[in-house]
Amino acid sequence: MFNIFGNNQSSTSGQQNSNNAPAPQPDDNMLIELKGIQKEYKTDAGPFLALKGIDLKINKGEFVGVIGKSGSGKSTMINMITGIDRPTAGEVWVNGTPIHKFSENKMAKWRGTNMGVVFQFFQLLPTLTVIENVMLPMDFGNKYSPRERREKALDILALMDVETQADKLPTMISGGQQQRVAIARALANDPPIVVADEPTGNLDSKTAAQVFDLFQKLVEQGKTFLMVTHDDDLAGQLSRVITITDGQLDKEDHRPIQKIVPHSQNGADTDKEEEIKEAQLEEVS
Ligand SMILES: Nc1ncnc2c1ncn2[C@@H]1O[C@H](COP(=O)(O)OP(=O)(O)O)[C@@H](O)[C@H]1O
Ligand SMILES: [Mg+2]
């Protein structure tokens with residue numbers, strides 16, 4: 001059985017994954033809300049507004065993709081949701097908590113148990129071995145006893161197919177392996193929310209598809225995922241993909257990728273649907 005964490009979060013998994021007609025979502029289903037988020041960076045050329053008023057709601061159990069050109073503000077927006085950086089204006093609510101008001105210390109503590117973060121550039125600690133990197137959030141999280149931690153970390157590394165690298169330093173393994181270790185670290189405390197910035201960007205397409213499958217299984221188990229991706233194949237498999245352009249979200253229902261017809265529900269010609277899907281994917285790539 002797949003559930004490595006030995007728990008069952010399916011009570012929180014959303015009906016929004018089903019193909020049935022959408023029922024109105026009560027607000028207590030909402031997990032993440034950005035309200036009027038602006039982010040200004042100070043640069044030598046003067047202030048630069050990287051996010052220009054982002055409003056976004058994500059429900060429990062959703063798997064949301066984020067796409068957009070390089071420099072459009074994807075990582076900046078992700079950093080607002082993880083609390084790695086602070087908005088210049090606006091509010092970030094996660095699970096009913098206004099995290100934009102947290103001190104840095106409180107934020108780090110809160111993130112440690114509530115959110116797994118996969119950074120675009122891994123950010124593994126270079127002086128710790130692979131397994132120590134994965135155990136570090138466990139040491140802060142207090143979810144597992146010290147005796148359990150090594151075994152849990154090895155399980156997660158095995159899931160990412162890098163358990164044989166456990167005692168190496170990050171510099172001794174490939175970029176793709178480092179990326180998988182970074183994903184393992186994000187899953188260390190079995191967080192209900194995972195936010196991943198291009199988590200498959202350094203993986204070959206087969207490994208990327210395996211990691212994506214794993215993410216989907218975790219979503220089926222009740223986790224909520226937000227994933228920045230450049231990969232149209234992966235984005236095309238998600239029921240919700242948001243596009244960011246020059247620091248603003250595009251209107252979701254105007255995206256061609258949203259119109260992809262899901263698997264046939266009424267015996268319609270699925271070959272035809274595949275053709276439409278392929279044509280639409282070409283249109284957006
Ligand atoms: N720390 C920073 N200081 C100044 N400008 C920044 C900083 N981080 C990002 N930017 C700028 O903000 C814009 C959005 O960046 P980013 O969120 O990294 O985009 P993306 O992840 O979509 O490629 C870019 O123009 C980038 O140059
Ligand atoms: Mg980025």
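Author: By class, the shell around ligand 1 holds 3 nonpolar, 8 polar and 1 charged residues. Here Ala, Val, Leu, Ile, Met, Phe, Trp, Tyr, Cys and Pro count as nonpolar, Asp, Glu, Lys and Arg as charged, and the others, Gly among them, as polar. This is a predicted model, where local features need pLDDT of at least 70, side-chain atom pairs count only at pLDDT 80 or more, and totals for chains, interfaces and linings use all residues. Residues are numbered from 1 along each chain as its sequence is written, while chains are lettered from A and ligands numbered from 1 in the order in which they are written.

Y41, T43, F48, A50, G68, S70, G71, S72, G73, K74, S75 and T76 surround ligand 1; each has its C-beta atom, placed from the backbone, within 6 Å of the ligand. At least two shell residues come from each of β1 (30-43), β2 (46-59) and α1 (74-82), and α1 gives the most, with 3 residues. These labels follow DSSP runs, numbered from the N terminus: helices are H or I with at least four residues, strands E with at least two.

Now turn to strand β8 (residues 224-228). It is largely enclosed by the rest of the structure, because 5 of its 5 residues are buried. Buried means that 20 or more other C-beta atoms lie within 10 Å of a residue's own; exposed means 12 or fewer, and partly exposed is in between, with C-beta atoms placed from the backbone. T224, L226 and V228 are buried on one side of β8, and F225 and M227 on the other.

β8 also has partners (strands pair if DSSP finds at least two bridges between them). Strand β3 (residues 63-67) runs parallel to β8 and is joined to it by 4 bridges, with V64 opposite L226. β7 is parallel to β8 too, through 5 bridges, and I193 has T224 as its bridge partner. Together, β7, α6 and β8 make a right-handed β-α-β unit: with the strands pointing away from you, the path from the first strand over the helix to the second runs clockwise.

β7 (193-197) and α6 (205-220) are also among the elements that cover the buried residues of helix α5, where contact means C-beta atoms, placed from the backbone, within 7 Å. In α5, 11 of 13 residues are buried, including V181, I183 and L187.

Definitions and conventions. Contact = placed C-beta atoms within 7 Å.
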